[in-house]
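Reader: I'd like to go through a protein model with you, step by step. Could you show it first?

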Amino acid sequence: MPKTIPFAGCFTEGETETPLVFFGLADDTQSSYLGGCADGPRVIRSAYDGNCFNATTESGVDLEGGVVDLGDRYPAETWEESAHAYKEHAESLFDDGKIPFIAGGDHAVTIPIVEALAILEQPVHIIQVDAHPDLYPDFEGNRFSHACTGARILEMDHVASLTQLGIRTMNAVQSSYLERYPDRLVVVEARELPAELPDLDHIPEDALVYITIDMDGFDPAFAPGVSHAVPGGLSSRQVLDFIQQGHWGLAGMDVVEVNPSRDTNDQTAILAARLLHEGMGYAALEDED
Ligand SMILES: [Mn+2]
């Protein structure tokens, strides 16, 4: 077996011409059900092996050595400390004009990253692919559970909208947020989604967008390696097309909830890497013009 080439050969530890950076948040402390996704970043790097995959995106962008790998961050003693560190890390990158691509970790890691976007001093539109709306005010007493990510994001003033795609676990507690935030929360349930995902024309042309993909948004046939596999989800093709066809400025992107202990042949880790790779390609193309 040849030595693994992480992330299809896209990574470097040196300088790049592009603003693209990658890091992992190896933290599953806010998971409500199963542990395991702290191992996500490690497997996302190694499973998307350059011996098997090349560095050119489907959209034709060659990213060989084009992305700085900043390594992984691990949880501190408390969530408050961890979240503070993740936020500061992301703030310094945004402030520096970088576009971060992040591998989780559970979905709670998205909260401090979206918080950090405030440093850009522009309204930001968040797009969330997920089986779950994550709209619990708190989950079993924890306001920072991975089941509360959407609820916390909506409390942030710089978030112009939160659009959720692929939802199929809505319940009464969570749907109350639709009445609470009628102008900022758009929920598109999986059963309403056409084969081609919608254009999201409520997001203005060239607006700043951050994409967060919970891997359980996919059908378990495409992504079995998640803690909460919910039947009836999206396909790889639908979401890859969606990423490529955006009409916005991509500020950053995360892919969370890859749980290698539930995965089959690294299928979910490879899809997660592939989504990040296409997101990087989209951002690189935008950076050119
Ligand atoms: Mn989620």
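Author: What follows is a conversation about how this chain is built.

Author: Please keep in mind that this is a predicted model, in which local features need pLDDT of at least 70 and side-chain atom pairs count only at pLDDT 80 or more, while totals for chains, interfaces and linings use all residues. Residues are numbered from 1 along each chain as its sequence is written, and side-chain values use heavy atoms, with hydrogens and water left out.

Reader: Switching topic: which residues hold the manganese ion?

Author: The manganese ion is coordinated by His107 through ND1 and by Asp130, Asp134 and Asp214 through OD, at 2.1 to 2.3 Å. Donors are N, O and S atoms within 2.8 Å of the metal (3.2 Å for Na, K and Ca), and water is not among the atoms, so sites may look incomplete.

Reader: Where in the chain do Asp134 and Asp214 lie?

Author: Asp134 lies in the loop between S5 and helix H4 (149-154), whereas Asp214 lies in strand S8, so the pair ties together parts that are 80 residues apart in sequence.

Reader: Is Asp134 buried or exposed?

Author: Asp134 is buried, with a relative accessible area of 5%, and Asp214 also counts as buried, at 3%. Buried means under 20% relative accessible area, exposed over 50%, and partly exposed in between, using a 1.4 Å probe and protein chains only.

Reader: Then what about the largest nonpolar core, which members touch the most others?

Author: Of its 53 residues, Ile213, Met215, Leu275, Leu276 and Met280 touch the most other members. Such a core is a set of buried Ala, Val, Leu, Ile, Met, Phe, Trp, Tyr and Cys residues joined through side-chain atoms within 4.5 Å.

Reader: Which element gives the most to this core?

Author: H7 does, with ten residues. A second, separate core of 36 residues includes Val68, Ile111, Val114 and Met156.

Reader: What is Leu276 in contact with?

Author: Leaving aside neighbours within four places in sequence, Leu276 is in contact with Phe7, Phe22, Ile44, Phe101, Ile102, Ala103, Met253 and Val255, where contact means heavy atoms within 4.5 Å.

Reader: And how covered is H1?

Author: H1 is mostly covered, as six of its eight residues are buried, and these buried residues pack against S1, S2, S3, S4 and H7.

Reader: Last one: what share of the whole protein is buried?

Author: Buried residues make up 55% of the 289 residues.

Notes. Helix = DSSP H or I, 4+ residues; strand = E, 2+ residues; numbered from the N terminus.
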